[in-house]
Amino acid sequence: VLRDTIDIVADLLVNEPPAVHLGVPRTEAHQIYSLLVPSIAKEGLSHAVVDRTIGQVVCVALRQDYTSPFNEEVAKLLESTVSAPHWNISVEMHDWFEKTYKPVPGQIINPFSGGPRRGMLRKGLLNTIVLYGLQFSLSQGFTQSLVECTSSYSVVPYQRTGSKIIRSTSYKDFVWEGRRPFEGMPAEHPQVSLVYNDNLKLSAQRFAKEYEPLAKL
């Protein structure tokens, strides 16, 4: 399951708009997540959907307590990779969030990465794992969530659960080491956003009501 999870999230990373623009190689993404996934999994907040007919993980959801320390080995690695501009735009936004919201342990769940295996997108699969994630996070005592969305598409599922954009950074205007590494990004993905939910309980209730048939799959 761990190996499948690393493969899925590495594939998801290289297909994110900023990674596509920077030309992040899959080997780099795999190296990053080979270090990250085991440490995130140890928190016991992540889940995987396994299709037993093919013996493979078909969808994953990596979650962690927002205040969990970031893997220092990965941080050093990211500074020297093709992903460095993406990493630095993320650091700036999260520094702002931590100074502004002052999160405490056990309060904010962070959906770090997740989605279906390529070619495995099935009706109801994502809705089911989103609903389960909301309910499970609540059962673990979390009341809020924060996720970083790198594309216009990735914001939508969270907005459906009541989350709101609280901070955005324009790709084309971001300056790193004296240059604009994201200049020329597709206009359909103009910014990276922090999406915040301050009432997970209400979101879970609304989402369960809207997708009740899918929740029973």
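# A guided reading of the predicted model

The largest nonpolar core of this predicted model has 38 residues, and the residues with the most contacts inside this core are Tyr 33, Phe 97, Leu 146 and Phe 182. A nonpolar core is a set of buried Ala, Val, Leu, Ile, Met, Phe, Trp, Tyr and Cys residues joined through side-chain atoms within 4.5 Å. Buried means under 20% relative accessible area, exposed means over 50%, and partly exposed lies in between (1.4 Å probe, protein chains only). At least two residues of the core come from each of α1 (2-14), α2 (17-22), α3 (26-41), β2 (56-65), α4 (72-78), α5 (84-101) and β6 (191-197). These names refer to DSSP runs numbered from the N terminus, helices being H or I runs of at least four residues and strands being E runs of at least two. A second, separate core of nine residues includes Leu 45, Ile 109, Leu 134 and Leu 200. In soluble globular proteins, nonpolar side chains tend to be buried together.

Residues are numbered from 1 along each chain as its sequence is written. Because the model is predicted, local features need pLDDT of at least 70 and side-chain atom pairs count only at pLDDT 80 or more, while totals for chains, interfaces and linings use all residues; side-chain values use heavy atoms, with hydrogens and water left out.

Phe 182 deserves a separate look. Leaving aside residues up to four places away in sequence, Phe 182 touches Pro 18, His 21, Leu 22, Pro 85, His 86, Ile 89, Tyr 171, Lys 172 and Phe 174, where contact means heavy atoms within 4.5 Å.

The strands come next. Strands of a sheet pair through backbone hydrogen bonds, either parallel or antiparallel. Here, six strands form an open sheet in the order β1-β2-β3-β4-β6-β5, with mixed pairing; two strands pair if DSSP finds at least two bridges between them. Why is one side of β1 (47-51) and of β5 (164-170) left without a neighbour in the sheet? These two strands stand at the edges and each has a single partner strand, so one side of each remains without a neighbour there. From one strand to the next, the twist averages 20°.

Val 50 has Val 57 of β2 as its bridge partner, and Val 49 stands opposite Cys 59 in β2. The two strands form a hairpin with four residues between them, and Gly 55 in the turn has a positive phi of about 70°.

β6 pairs in the antiparallel sense with strand β4 (residues 144-149) over five bridges and with β5, also in the antiparallel sense, over six bridges. The partner of Val 147 in β6 is Val 195, and that of Lys 164 is Tyr 196. Six of the seven residues of β6 are buried, so this strand is largely enclosed by the rest of the structure.

Within strand β3 lies Ser 113, which is buried at a relative accessible area of 14%. Residues up to four places away in sequence aside, Ser 113 touches Val 9, Leu 12, Tyr 33, Ala 61 and Leu 62. Ser 113 and Ile 40 are 73 residues apart in sequence, and 10 Å separates them in space, C-alpha to C-alpha.

Two helices provide a further example of packing. Two packed helices are described by the angle between their axes and the distance between the axes. Helix α6 (residues 125-139) packs against helix α8 (residues 200-210) at an angle of about 145°, and their axes are 9 Å apart. Such axes are lines fitted to C-alpha atoms, for helices over the stretch in contact, and angles run from 0 to 180 degrees between N-to-C directions. Among the residues making the contact are Val 130, Leu 134 and Leu 138 of α6 and Leu 200, Ala 204 and Phe 207 of α8.

Most residues other than glycine have a negative phi, and most peptide bonds are trans. Lys 102, in the loop between α5 and β3, has a positive phi near 45°; at 59% relative accessibility, Lys 102 counts as exposed. Glu 177, in the loop between β5 and β6, has a positive phi of about 55° although it is not a glycine, and Glu 177 counts as exposed at 65% relative accessibility.
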